[in-house]
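I opened my notebook to look up a few details in this structure. Here is what I went through.

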Amino acid sequence: ISTLALHSAIADNKAAFNLTNSFVDQYEDATGLDVLTDVVRDTTGEYMSTLSGVGGNDSYTKLLLHCDGSDDGTVWTDSSASGHTISKSGGSDPRTKTAIKKFGTASGKWNDSTYLSAPDSADWFYDDGDWTIDWWHYITSHCPTDHFDFVITQANAGAGTDQIYIGTRRTGSGTYYMMASANTAGSPGSSSVSSLVFALDTWRHLAICQSSDKLYFYVDGVSTEGVGVGKTSTVAFPDLNTELRVGFQQDVEYYNGYADEIRISKGIARYPGGLTFTPFTSPYDTQTLNATGNYTSTTETANATVSKMGIVVLYENTSGTATLDTDLVAQVSADGGSNYVSAPLTAGGTFSTGVLVAKSNDITISNTGTAPKYKISFANQADGSKETRVKGVALLY
């Protein structure tokens, strides 16, 4: 029954929830978690492992601008492993500003006449694979109607020539559309979603990604076309031998506003299939794998005194093979975590592709109570040789 509940939770992308005598969590969000020690919840893969750092700067990340620096700073750094050289073109902006920022020490400010650029690279050739571009967006005034707003582009000079535009464009009074478009030898392709309201002086998280030949558009983690809905991609992105530009359309249309955490990811659709997600609440960074770590669930409320408990754990051997009760350990408590009892795990078969089941039945509780919770611990974790990920837990009481 618990395994069935986990199937339902994953299929419906449920946050942590209770049944009459059980608690089910597949880590859709952090609502079912209490204390984490050298463990994080990965917000993209929705799993628990002994990672440190919020993540988001990984091998898929091809450009990452934290936009940090001093007030009126002009030094720009690509924090991705690619380390592209970032140049500033035009006047004093874009520059870093400390008064208005989403994360870190500053954000980037564009002033409607300048842009950032990076040399041409294979990193900017998306072809027909998966990719994601996301950023935090803050406008202090609306651009003219039918003008591009914040865009990441590659374009040769002159209208109608080869070009790529990914970003936003204004359609009317306070309304915009998000778009991904390309033009190769006069053959345009474009996908967009319209009638989006971007209020002034407000930080919004915007994301555009392509997944399996569909394009998805998000505002603050919500799919703009409805849950699970994406546009079939008609965009063939060319491999252009031109620089990448941030905040500038090919002719005279520039961004006028602020941006933070600008990221280009290639080879991955960060946000799956039009489903709602929670944007990162801190800057993207690299993650390191800790050898040990543990986490606990929130404390639940039982209808009666608990003297027997059980647990089902879904886990994945990302690297190596975890030994149950050594590398992956489960404990349960009926008194809110004051006392934990070992829950010896046995293999329970395969849950889904790559995801295994471990279970522990009929655990006798000596310190009875009405406040059940669980604790999961990891040991012997090592990057590349043993990484265990917990994908969900069902606690029975």
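**Entry 1: the model.** I noted first that this is a predicted model.

**Entry 2: S360.** I looked up where S360 sits, and found it in strand β29, residues 355–369. Is S360 buried or exposed? Its relative accessibility is 4%, so I wrote down "buried". Next I checked its side chain. The side chain of S360 reaches the backbone oxygen of P344 at 2.8 Å. I then listed what S360 touches, leaving out residues up to four places away in sequence. The list reads G310, I311, A343, P344 and L345.

**Entry 3: strand β31.** I moved to β31, which spans residues 387–396. How many of its 10 residues are buried? I got nine, so the strand is mostly covered. Then I looked for its partners. Strand β2, residues 22–25, runs antiparallel to β31, and four bridges join them. In that pairing, F23 has L395 as its bridge partner. Strand β25, residues 306–319, also pairs with β31 in the antiparallel sense, over nine bridges.

**Entry 4: cysteines.** How many disulfides are there? With a cut-off of 2.5 Å between cysteine sulfur atoms, my count was zero. C67 is in no disulfide, and the nearest cysteine sulfur, that of C143, is 19 Å away. C67 is buried, with a relative accessible area of 4%. C143 counts as buried too, at 8% relative accessibility.

Terms used. Residues are numbered from 1 along each chain as its sequence is written. This is a predicted model: local features need pLDDT of at least 70, side-chain atom pairs count only at pLDDT 80 or more; totals for chains, interfaces and linings use all residues. Side-chain values use heavy atoms; hydrogens and water are left out. Helices (H or I, at least four residues) and strands (E, at least two) are DSSP runs, numbered from the N terminus. Buried means under 20% relative accessible area, exposed over 50%, partly exposed in between (1.4 Å probe, protein chains only). A polar contact is a pair of N or O atoms within 3.5 Å; within protein, one must be able to donate a hydrogen and the other to accept it, and residues adjacent in sequence count only if both atoms are side-chain atoms. Contact means heavy atoms within 4.5 Å. Two strands pair if DSSP finds at least two bridges between them.
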